[in-house]
Amino acid sequence: MYRQIPNTTTRISQDSRGVIQLPSGDEISSTTANIDHIKNRYGQQIYINTYPQYDPNVSYHGYDLSRDISEYQFGTNNGHNQQNITNRPVPAPRKTHSNYSSESELVKSKNGREQWSGRFDFFFSSLGYAVGFGAVWRFPYLCYRNGGGVFLIPYITLLFLLGIPLFYLEVNLGQFTSQGPVQCWRMAPIFKGLGISMSLMSFFLTVYYAMLLAYSILYLILSFRSKLEWTTCGSWASANCTDDFSTFVMRCNYENTYKDPNGRCYTWTDQGLTQIGWWDVQSRIQYRKPVLPTDDYFNNYILNKSPGMGFISTMEWPLVLCLLAAWILVFICLCRGIKTSGKLRLYVVYFTAVFPYVILLILGIRGWTLPGMSRGIYFYMKPDLSRLADQRVWNDAANQIFFVLSVAYGGLITLSSYNKFTRSTLGNALVISITNVLTSIFAGFVIFAYLGYLSYMTGQEVQDVVSEGPGLAFIVYPYAVTTLPGAPFWSILFFFMLILLGLDSVFASVETIVVVITDQIHGLRRYNTLVILVVCIAMFALGLLLCTDAGIYWITFLDQFTGSYPAFVIGLLECICIAYIYGSNRFRADLIAMLGSKDYGVRLYRIFQICWLFITPMLIIALIIFTSINYPSLKLGRYNFPSWSYKLGWGLTGLILSGIVFYAIYAIIYLLLVKRNSWRALISPEQKWGPLLEQNRKKVSYYYGRQQGALVSLFDRLTKRTSSRDTLARSKSIDTSINEKEESISTTRPPSRIGSESAV
């Protein structure tokens with residue numbers, strides 16, 4: 001097909017493939033003067049770029065122009081290195097696969113979302129998000145509360161049957177869609193409320209997580225002294241405070257001494273018997289149970305703890321200032337986006353990855369050389385198998401797996417959504433999960449060594465040495481550093497380590513909430529810094545309740561009700577949506593398109609598929625049922641929480657899960673009543689479901705299978721059967737009405753002439 005340009009003899013043609021054939025250089029030079037006067041048949045000016053240049057930094061709606069530009073033929077001597085009439089070189093075709101940073105810029109310019117700029121940013125961000133306070137602070141006190149070594153049995157079991165499968169699911173889902181926790185569920189619109197519930201759970205988790213960060217900042221400031229205040233009993237100490245355990249009991253076999261049967265030791269003086277100590281440990285403990293200086297320091301000085309959850313009288317201003325400092329630090333690190341926070345993590349990655357283990361190893365070596373440490377290790381490693389019948393052990397173990405791996409909180413989906421589309425995921429999932437659990441177990445060896453030493457010094461059982469609860473780490477670890485020479489120096493390093501661990505976890509949680517907001521309201525992406533500021537201010541304001549003298553009770557309350565039931569329900573619905581609604585085979589086809597058929601995650605997919613289909617959902621259902629039958633009581637030491645706290649806790653659980661319920665109602669109203677769609681639209685992928693970038697969506701179309709979930713197939717079968725029965729019933733009713741009409745017509749119609757004659 002040829003079209004002649006006016007006032008010229010030059011022709012522009014297309015071959016059979018539709019590729020444009022441009023004239024040679026001589027013909028172009030002869031028409032340059034007249035080319036500005038070309039108009040179409042509507043009289044509109046046509047502008048032709050005689051110097052086509054390819055800009056790799058511009059998005060061309062997902063097309064790879066570096067490949068397509070080579071197909072345009074310029075004149076008779078077509079080549080990639082030829083020059084046009086102005087000696088401007090036509091760029092040579094670039095490789096289809098661009099480098100990582102350019103792809104990041106492409107995503108940001110077109111869709112307003114960023115990507116990790118470094119190869120290890122996601123790994124260390126996820127590692128820091130998972131390996132946080134949960135490993136060093138939460139695991140020891142849960143293990144201490146649930147009988148020591150017996151807690152490790154359900155903990156490790158649920159890691160492989162519950163934690164790793166959900167971890168792998170969320171990482172792949174976020175990377176495949178490049179979307180946050182809400183938009184990634186476009187595969188089934190009725191489940192998009194999962195992302196809202198995830199963000200609500202992360203919100204309340206981050207509120208008290210930041211408070212633990214404030215405790216660490218305050219301890220860090222108080223460590224800059226020649227002698228740590230909590231080494232000995234001070235003015236803040238209670239009557240039971242004991243800092244010298246060498247005289248806790250005595251032999252009472254010296255000259256002029258008398259052993260009283262009640263456990264007291266007396267000496268004879270001119271005034272008579274005078275008590276000089278105790279010779280029986282149990283009698284001494286019954287009279288006055290010893291309390292560590294670090295225990296009194298944390299409860300009486302740092303917290304100024306009130307008698308109960310409802311007794312709020314004062315605001316602890318040092319904690320308020322430390323909480324404010326924590327949120328200012330978080331905002332500064334996040335206000336420039338994930339690339340800045342990723343680079344910040346990358347600069348200190350080797351330090352933060354090794355530093356916590358170095359500090360824990362130093363404390364461990366000191367603790368493992370103290371007398372009586374074997375008592376603590378024995379308590380930690382020898383399981384009391386009878387405790388396995390206690391459903392609270394399994395509930396706490398499952399809760400800790402969700403908490404420590406950060407599954408069902410939305411953070412993993414958010415962090416993986418910034419990943420390169422083809423990055424392998426199995427290695428990250430296994431390494432991060434196993435490293436996290438090993439860190440928890442290693443921290444247990446350290447803390448239980450000191451508990452064994454205290455048991456030896458005081459003559460108490462290991463489970464009775466200190467009060468259990470969320471403050472256990474802030475009692476035992478500060479005591480551990482006092483046993484080292486140069487205690488202030490080691491205290492500074494230890495609490496600096498806690499701050500680093502806490503910051504990484506808070507970073508990911510805040511990013512999750514911000515991504516949920518900006519993905520729902522795209523116009524706010526240009527005001528990302530303002531959104532981060534508003535979220536930080538809101539969390540700081542809510543955290544002021546934890547800065548009161550009843551703050552530790554509220555931390556225990558939030559820790560109990562924030563992540564138990566909501567995390568179980570969200571994890572269960574994740575498995576149902578992927579395995580039974582969208583289809584596990586269809587999800588496997590997506591992974592093949594994303595990672596390739598030779599990826600180890602794809603090869604081992606059947607193992608994860610069995611977990612998502614049967615094992616993981618059944619375990620979660622069993623946990624929900626048995627926990628509901630006998631819900632564990634909420635305690636902090638000897639304090640029993642009031643009944644109204646349980647009602648408030650269930651209300652908080654309902655608030656978190658309301659995101660699932662209300663969005664499902666919204667989807668039903670919008671899709672069925674407003675859009676007039678069928679019920680099938682609630683569980684069918686949206687048109688925008690899939691990878692975010694167009695070139696990645698093309699890959700999916702090659703591998704996309706039409707396998708659907710079992711529940712969707714069952715729904716379709718029931719719908720077809722119902723429709724066929726309705727159609728048959730309608731056809732029968734129509735036939736019956738037609739027959740009745742014919743009979744009525746035949747009775748009223750007069751006989752025909754032919755009929756009457758034949759009758760005669």
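1. Let's start inside: R145 is buried, and so is D396 (buried means under 20% relative accessible area, exposed over 50%, and partly exposed in between, using a 1.4 Å probe and protein chains only). Their side chains meet in a salt bridge, 2.8 Å from N to O (that is, a side-chain nitrogen of Lys or Arg within 4 Å of a carboxyl oxygen of Asp or Glu). The pair links distant parts of the chain, with R145 in helix α5 (residues 133-145) and D396 in helix α14 (residues 391-405), 251 residues apart. Helices here are DSSP runs of H or I with at least four residues, numbered from the N terminus.

2. A quick word on the source: this is a predicted model, where local features need pLDDT of at least 70, side-chain atom pairs count only at pLDDT 80 or more, and totals for chains, interfaces and linings use all residues. Residues are numbered from 1 along each chain as its sequence is written, and side-chain values use heavy atoms, leaving out hydrogens and water.

3. By the salt-bridge rule, the count comes to 9. Another of them joins D559 to R138, with the closest N and O atoms 2.7 Å apart. D559 sits in helix α20 and R138 in helix α5, 421 residues apart. Both D559 and R138 are buried.

4. Now look at E686 and K192, whose closest N and O atoms are 3.6 Å apart in a salt bridge. E686 is in the loop between α24 and α25, and K192 is in the loop between α6 and α7, so the pair ties together parts 494 residues apart in sequence. E686 counts as partly exposed at 28% relative accessibility, while K192 counts as buried at 6%.

5. Next, helix α18 (residues 487-520): its 34 residues reach 50 Å from first C-alpha to last, close to the 50 Å expected at 1.5 Å a residue (the expected span is 1.5 Å times one less than the number of residues). This helix is mostly covered, with 27 of its 34 residues buried.

6. T548 lies in the loop between α19 and α20. With a relative accessible area of 7%, T548 is buried. Not counting residues up to four places away in sequence, T548 touches L303, I312, T314, M315 and E316 (contact means heavy atoms within 4.5 Å).

7. Finally, V661 in helix α24 (residues 643-674) is partly exposed, with a relative accessible area of 47%.

How values were computed: Helix = DSSP H or I, 4+ residues; strand = E, 2+ residues; numbered from the N terminus.
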